[in-house]
Every structure is written in C-alpha cells, then in structure tokens.
Amino acid sequence: MKKLLKSLACISLVFILSISIVSATDGTGGGGMNSVNYIIEEIVIK
Amino acid sequence: MEKSRRIFLEDLEEKDSFNNDELKSLYENIVKNLDKHDYYDDRELLFKVKDILIEHKMMFEGAHVTKEIGISYYKEGNIPKAIRYVENATYILENINDNSDMRIKEALVNYLISIGVGYYEVLSYQSSVANFKKCSKLIDSKISSNVLWRYYHEYTIASIYAKDYDNAKKLIDKSLEYAHDNVKKGFTYNDLGRYYWKVKKPLDSRRAYDKALEAFKAENHNNGLALIYNNIAMLYYTTKKNEQASEWIEKCFEIFDRSDPKQCVMFFDTYIRIILRKHDFGEAVDKLLEFIKLSDNYSFDKRYILDSLDLVVDRISSFKNEEYGIKLKNILIHLIKQTDENDIEDNYYSEKLYSYLGRLRYLFYKKPKRRD
C-alpha cells in the first residue's frame with residue numbers, strides 16, 4: 001500500500017512539473033510608458 | 001558631470017525662495033536634460049525639484065516631474081512603482097481643474113495612456129482597459145495627432161490582450177486615420193496583423209504584416225522590421241509551417257538590436273520555440289547560451305533570460321533528454337554561482353533557478369556507483 005501511494009505521488013509530481021504555460025511571443029510594438037520608441041513628447045513651458 | 005550635479009542639488013538645498021524665472025529655468029533644465037545628464041538615475045534630485053515646484057504652486061510642472069519620477073522607476077523595471085507615480089501626476093493635473101487649458105488636457109491624456117501601458121505590461125489587462133476608457137472621455141479633435149495615435153495604438157494593444165477583438169478592430173481603424181508617418185503606419189499594420197492572427201485569419205494577418213514591412217523599409221527602421229519578421233515567424237509557427245517560421249526568425253536575427261533586452265527576450269523566445277519544435281535540443285541550448293552571454297555583455301537584468309530558460313528546461317524535461325538535461329544543469333549551476341548569496345531568500349530570479357535545478361536533478365539523477 002505504501003509503495004503504491006509512493007509511486008502515485010511520484011507520477012503526480014512528474015505530471016505537475018511537466019505542465020507549463022506556453023504563451024506565444026508576438027511583438028506588440030507598444031512604446032512603453034515613456035513612449036520613446038516613436039514619439040518625442042513636446043515640452044511646453046508656460 | 002557628477003560634480004556639476006552635486007553642486008546643482010546643494011544649490012537647491014541652500015536656497016529658501018525662488019523667483020518665477022528661476023523656477024522656470026529649473027524646470028526647463030531638468031526636463032530637457034533628463035536623458036542627457038542621467039537625471040533619471042538621480043531620483044533625489046527629481047524629488048527635490050518636484051517638491052519645490054509644487055510648493056510654489058507650479059502644479060503642471062510639478063506633475064510633469066512627478067511623472068518623470070515614475071518613468072525613472074519604469075526604466076529600472078519597477079513598473080508597479082512607476083504606475084503609482086504617474087497616477088500621482090494625474091491626480092495633481094486633475095486638481096488643477098482647468099478644462100480650457102489644452103496643455104493640461106493633453107498631458108492628462110498622455111499620462112493616462114502611460115498608466116494603461118504600465119498595467120498591460122504587468123498583465124493587469126482589465127485595469128489597463130479601464131484607464132483607456134477613462135482617457136476616452138478626454139479625447140477630442142483638438143488633441144494633437146501624435147497623442148491621438150498613441151492613444152488608439154496602445155488602447156488596441158490592451159484590447160487585444162483583454163480579448164476584446166471587436167473593440168480592437170475599431171481602434172485600429174481610428175489609429176490608421178492618425179498614422180501620418182511610416183513608422184506609425186508600420187506599428188498600426190502590426191496591430192492589424194496581430195488582430196487577424198488572434199481572430200484566426202492568417203492570410204489577412206500576413207497581408208497586414210507585409211504592409212507593415214513596406215512602411216518600416218521605407219524608413220530603414222530596423223527595430224520595426226525585426227519586430228515584423230518575428231511576428232511573421234510566430235504566425236507560421238502557430239500555423240505549423242515550421243520551415244517558413246525558421247526562415248523569418250533567421251531574418252530577424254540578422255538585424256535585431258542585441259543591446260535591447262526586451263527585443264532579446266522576444267526574439268530568442270521565438271527562435272528557441274521554433275527549434276524546440278524540431279526537437280533540436282542541442283541548438284536550443286546553444287541559443288540559450290548565446291542569450292546568457294549577451295546578457296553578460298550588455299549587463300541586462302538577469303530576469304530577462306528566464307522566459308527562454310523556462311522554455312528550454314520545460315521541453316528538455318518533458319522529453320527526458322538526458323544529454324542536454326545534464327548540460328542544462330551545469331548552466332544552471334553556473335548561473336546560481338553568479339547570484340548574490342545574500343539575495344537568495346527574496347529573489348524571484350534565484351528562486352526560479354533553484355526550482356529548475358531541482359526539476360532537472362529529479363529527472364536526471366544518477367545514483368553514484370557503489371565502491372566495493
């Protein structure tokens with residue numbers, strides 16, 4: 001019984017470890033919070 | 001430069017009052033030279049200037065410097081703190097309560113866009129969309145086309161992340177109206193390509209990416225071109241056309257900027273994904289090593305390599321490839337040795353390395369031979 005439980009635990013551990021999140025890496029082209037990629041912010045001074 | 005900066009800060013601390021001209025030139029000096037004098041690395045100075053400006057009721061200028069404090073956090077990768085400061089900057093602007101001043105309105109729109117971008121970068125898509133919705137109430141035709149385009153483009157990205165594809169399509173149509181130069185056109189057609197890809201129309205997606213390529217080629221915009229090569233590779237990868245996927249990611253690797261960690265993360269990840277599909281574990285490990293070397297050469301934050309590392313560890317473990325599993329274990333041990341021991345308890349990067357190592361040790365553990 002102990003052996004069976006042990007091997008079940010091992011199988012489930014391997015199963016958990018082999019799950020991973022696969023996300024596709026398409027580039028958004030986002031400019032970031034400071035938008036330096038494509039816009040030079042105009043600084044207007046009073 | 002360091003000396004002049006220190007003198008600048010000491011001068012500020014010694015002075016009790018400032019006249020209007022002094023305040024204006026102080027603000028001008030700071031905001032115009034943010035990058036030039038590494039002021040972003042010098043938050044003490046930014047905080048001091050912000051306090052002085054707000055104390056003297058220069059709220060618009062104070063808000064601007066507060067926003068730049070946020071950007072300084074963004075530049076070092078601390079996005080939650082960056083969001084907090086840009087949000088503070090919007091509160092300051094909102095309290096000025098002058099709707100007739102276009103300058104305030106436009107700045108407010110810009111800050112709200114930045115907050116929206118920050119939220120989608122930390123994967124809080126609903127908060128991001130909520131910010132863009134708040135922003136939409138301020139949008140009118142008097143706002144400059146640069147800012148309007150930025151609004152529609154970034155809102156598109158947030159909507160695609162939030163899987164609101166109908167809204168994304170409407171926003172893309174609007175941003176095309178304001179894309180007055182080739183670079184903006186390139187990014188907008190990239191949005192369109194991504195949209196078609198998400199709604200599973202690969203042919204339309206490819207057509208949009210071709211238009212993006214045309215626009216970026218006209219400007220010799222290498223970063224834009226590399227981005228589109230990567231996205232076309234991903235399009236072929238997801239439609240299981242592996243040969244074409246390899247061909248396009250190779251094009252990307254011919255030109256992309258190795259000093260930009262964000263581009264490295266994206267493109268190495270795509271490359272490794274494509275190689276792993278061919279079960280070429282040797283090349284995947286080689287590419288991973290190339291990325292690690294780049295991160296050493298350009299002193300990247302090591303967290304940037306985690307996505308690629310995760311992919312390789314996952315595949316090699318799933319296929320139980322012992323030869324490369326052991327090679328990977330040695331790479332991990334090398335990376336762990338580089339980490340600062342004092343940092344380990346509170347360090348996401350170190351924790352990840354140890355968890356990968358544990359996984360590989362579990363799978364590729366060999367009992368030592370018993371000596372008789």
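Predicted model: local features only at pLDDT ≥ 70, side-chain atom pairs only at ≥ 80, totals over all residues.
B:Ser136 is found in helix H7 of chain B, which covers residues 125-136. A look along the chain pairs B:Ser136 with B:Lys169: the two are 33 residues apart in sequence, and their C-alpha atoms are separated by 16 Å.

Further along chain B there is a helix pair to look at. Helix H15 (residues 281-297) and helix H16 (residues 306-318) of chain B have axes that come within 10 Å and cross at roughly 160 degrees. Angles over 145 degrees count as roughly antiparallel, and H15(B) and H16(B) are therefore roughly antiparallel to each other. As for handedness, H15(B) passes H16(B) in a left-handed crossing. On the H15(B) side, the contact is made by B:Phe281, B:Ala284, B:Val285, B:Leu288 and B:Phe291, while H16(B) brings in B:Ser308, B:Leu309, B:Val312 and B:Ile316. Sorted by residue class, this contact between H15(B) and H16(B) has eight nonpolar residues, one polar and no charged.

Chain A can be summed up in a few words. Its secondary structure comes to one helix and zero strands. Chain A has 46 residues, and buried ones make up 20% of them; buried here takes 20 or more other C-beta atoms within 10 Å.

Notes:
Residues numbered from 1 in each chain as written. Chains lettered and ligands numbered in written order. Axes fitted to C-alpha atoms, helices over the stretch in contact; angles between N-to-C directions. Helix = DSSP H or I, 4+ residues; strand = E, 2+ residues; numbered from the N terminus. Parallel < 35°, antiparallel > 145°, perpendicular 65-115°, else oblique. Left-handed = near helix turned anticlockwise from the far one by under 90°. Contact = placed C-beta atoms within 7 Å. Nonpolar A, V, L, I, M, F, W, Y, C, P; charged D, E, K, R; others polar. Buried ≥ 20, exposed ≤ 12 C-beta atoms within 10 Å, placed from the backbone.
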